[in-house]
Amino acid sequence: MLLAIMSVAGLCELCERPDVDHTCDRCGRLVCDRHWDGDIGMCVECGAEVGQPGDRVSPENMPDGVDTYRF
């Protein structure tokens with residue numbers, strides 16, 4: 001029985017560099033180290049859309065008059 005070993009090969013979907021090492025957990029893009037944010041497991045494009053965990057503002061730090069809705 002012969003088993004074939006498959007590897008992911010291709011170009012970075014953001015800069016087209018040939019050294020693809022990562023797949024974005026959010027969008028599935030193949031990206032190089034330069035476009036990978038290992039802290040959040042996403043490409044830099046998705047990271048910019050989603051934001052970093054420390055980017056959220058606590059309700060206590062909002063200015064007066066801002067409505068807060070809780071679901």
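This is a predicted model: local features need pLDDT of at least 70, side-chain atom pairs count only at pLDDT 80 or more; totals for chains, interfaces and linings use all residues.
Biologist: Which pattern does the protein follow along the sequence?

Modeller: Helices (H or I, at least four residues) and strands (E, at least two) are DSSP runs, numbered from the N terminus. Here there are 1 helix and 4 strands, in the order β-β-β-β-α.

Biologist: How many salt bridges does a search of the whole structure find?

Modeller: A salt bridge is a side-chain nitrogen of Lys or Arg within 4 Å of a carboxyl oxygen of Asp or Glu. The search finds 2. In one, Asp-19 and Arg-17 meet at 3.5 Å, N to O; in another, Glu-49 and Arg-26 meet at 2.8 Å, N to O.

Biologist: Which parts does the pair of Glu-49 and Arg-26 tie together?

Modeller: Glu-49 lies in helix α1 (residues 44-50), whereas Arg-26 lies in the loop between β1 (22-23) and β2 (30-31), so the pair ties together parts that are 23 residues apart in sequence.

Biologist: Are the residues of these pairs buried or exposed?

Modeller: Buried means under 20% relative accessible area, exposed over 50%, and partly exposed in between (1.4 Å probe, protein chains only). Glu-49 is exposed at 57%, while Arg-26 is partly exposed at 45%. Asp-19 is partly exposed at 34%, and Arg-17 is partly exposed at 34%.

Biologist: What is the nearest side chain of opposite charge to Asp-37, and how far away is it?

Modeller: For charge, Lys and Arg count as positive and Asp and Glu as negative; His and the chain ends are not counted. Asp-37, in strand β3 (residues 36-37), is buried yet has no salt bridge, and Arg-26, the nearest side chain of opposite charge, is 12 Å away. The side chain of Asp-37 does reach the backbone nitrogen of Asp-39, at 3.1 Å.

Biologist: What share of the residues in the protein is buried?

Modeller: Of the 71 residues, 20% are buried. As for surface, accessible areas come from the Shrake-Rupley method with a 1.4 Å probe, and for residues only the protein chains shown count as cover. The protein exposes about 6000 Å², of which carbon and sulfur atoms supply 50%.

Technical notes: Residues are numbered from 1 along each chain as its sequence is written. Side-chain values use heavy atoms; hydrogens and water are left out. A polar contact is a pair of N or O atoms within 3.5 Å; within protein, one must be able to donate a hydrogen and the other to accept it, and residues adjacent in sequence count only if both atoms are side-chain atoms.
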